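Hello,

Here is the structure I promised to pass on. My notes on it follow below.

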Amino acid sequence: MTGAAKRILLEVLGWLLLVAGVAALVLPGPGLLLMAAGLGVLSQQYTWAERLLDPVLLRALRAAAEGVETWPRVIMSTIGALGIGAFGVVWLVDPDMPNWWPIAERWWLPGGVWTGITLLLSCVIALALIVYSFRRFHGKPEARAALEGEIHEADERRHHEDDED
């Protein structure tokens, strides 16, 4: 693969991940992690992406730590992830439209099988992240404090770099 082709491929991949991450902030999915992945790819070519990578990744880790801070949060996060997976199964099974459905048939389970696949994939990723976060942060205030220190340092570096520009 030529250098130009590789550069274009990485740029397209980076932007796709970044846009998918922004969308996943309001849709089911790991938004901040997708944004961090996109910024990681784009940071190979753009300094602005490199500057944003650490703060976004660290905030994703903060959100993960907060999600497993207490047992009710762990339980609700797990139920939410399993709920997304259940919707994915419904999309894959593709049941007939019920009689009570009030709008046009085309709005019954839109997106077809690929919606179900992405919902199941989101479920698996969410469950894996819950397990990872639980093992890394639950009941470990020192790990949370270290993360907050890293966030503070990253913010200071970014503000220092902004002042230099």
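Helices here are DSSP runs of H or I, at least four residues long, numbered from the N terminus. Helix 4 is followed by D94, whose phi is positive, near 55°. Please keep in mind that this is a predicted model.

Helix 4 first. It covers residues 71-93, 23 residues in total. The expected span is 1.5 Å times one less than the number of residues. That gives 33 Å for helix 4, and its end C-alpha atoms are 33 Å apart, so the two agree. Its buried residues are V74, A81, G85, G88 and W91. They pack against helix 3 and helix 5 (112-137).

Next, the cores. The largest nonpolar core has ten residues: L58, L61, A65, V68, V74, F137, A143, L147, I151 and A154. Helix 6 gives the most, with four residues. There is also a second, separate core of eight residues, including L18, M35, L39 and V56.

Within the largest core, look at L58. Leaving out residues up to four places away in sequence, L58 touches L147, E150, I151 and A154. An α-helix has 3.6 residues a turn, so residues three or four places apart point the same way.

Last, S133 in helix 5. Is S133 buried or exposed? Its relative accessible area is 3%, and buried means under 20%, so S133 is buried. Beyond its neighbours within four places in sequence, S133 is in contact with A64, V68 and H138.

Best wishes

Conventions:
Residues numbered from 1 in each chain as written. Predicted model: local features only at pLDDT ≥ 70, side-chain atom pairs only at ≥ 80, totals over all residues. Heavy atoms only, no water. Core = buried A, V, L, I, M, F, W, Y, C linked by side-chain atoms within 4.5 Å. Buried < 20%, exposed > 50% of the residue type's maximum accessible area, 1.4 Å probe, protein only. Helix = DSSP H or I, 4+ residues; strand = E, 2+ residues; numbered from the N terminus. Contact = heavy atoms within 4.5 Å.
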